[in-house]
Amino acid sequence: MWPGGNPAFSETVCSFSKQVAELDEIIRKMILETLGVEKYHKNLMESHRFLLRVSEYAAAPPKQQQASEERQQLGLVPHRDKNTLAIVCQNQVDGLEMETGDGGWVVVTPSPASFIVIAGDAFRAWSNGRVYSPLHRIMVGEEATRYSAILFSIPEDDMEIRAPPELADDHHSPGFKFKPFDYGSYVRFCVTEEGMNASCQLDAFCGVANQQQQV
Ligand SMILES: O=C(O)CCC(=O)C(=O)O
Ligand SMILES: [Fe+2]
């Protein structure tokens, strides 16, 4: 795209990514402290890499005589992130929606100076389900174009995602909701036919059925 390079852009992207990566580290530390497993923080940081994605969701072409909700178009299909955390920084145009659990959707409207943090399946599995990875999507309106910059923290492919013993659920059998797995195998499973058709890819890949429910 830029045969001569674009040092000013590279510098901005690098500096932004470094600062948001620091925020990711702080957030992960806070979550681990809350769960009482902060001793795993360093280990968890070392086995991750970061990816920055910048996106443009162009305003949908106007459609006359339709209610405002019908004028919205899907900008990104409903999905759960596979990685650990995603930190989203957007312009002042909303569009990110989270599933509410009963099939509804709620628009996320952050204040101008805040970020949106989304946990992914790797964190859900590692935390034995205590950190939830929500289903989310992007809806595009016709008023304005939405821009977002997202920093993803991603486990290395060979990282074993295994919840620490401290997070075992002693009140339910089995104590762990997910079988341990290598992150790379999970990513590969998600693009198989079975993975793509699963309503919850993590459960389909490594979910352990609750024995009490099976009875
Ligand atoms: O652009 C956004 O706000 C979020 C996009 C997203 O969910 C993703 O890239 O996984
Ligand atoms: Fe996402």
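**Notes on the salt bridges**

1. The count comes to six salt bridges, where a salt bridge means a side-chain nitrogen of Lys or Arg within 4 Å of a carboxyl oxygen of Asp or Glu. Bear in mind that this is a predicted model, in which local features need pLDDT of at least 70 and side-chain atom pairs count only at pLDDT 80 or more, while totals for chains, interfaces and linings use all residues. Residues are numbered from 1 along each chain as its sequence is written, and side-chain values use heavy atoms, leaving out hydrogens and water.

2. Start with R28 and D24: their closest N and O atoms are 2.8 Å apart. Both sit in helix α1 (residues 7-35), four residues apart, or about one turn of the helix. (Helices are DSSP runs of H or I, at least four residues; strands are runs of E, at least two; numbering goes from the N terminus.) R28 is buried at 0% relative accessible area, and D24 is buried at 0% too. Buried here is under 20%, exposed is over 50%, and partly exposed is in between, with a 1.4 Å probe and protein chains only.

3. Next, E97 and R137 pair up at 2.7 Å, N to O. E97 belongs to strand β4 (residues 96-99) and R137 to strand β7 (residues 136-140), so this bridge ties together parts 40 residues apart in sequence. E97 is buried at 6%, and R137 counts as buried at 17%.

4. Last, look at R124 and D203, which meet at 3.8 Å, N to O. Helix α3 (residues 121-126) holds R124 and helix α6 (residues 201-206) holds D203, so the pair links parts 79 residues apart in sequence. Buried or partly exposed? R124 counts as buried at 12%, whereas D203 counts as partly exposed at 37%.

Note on methods. Chains lettered and ligands numbered in written order.
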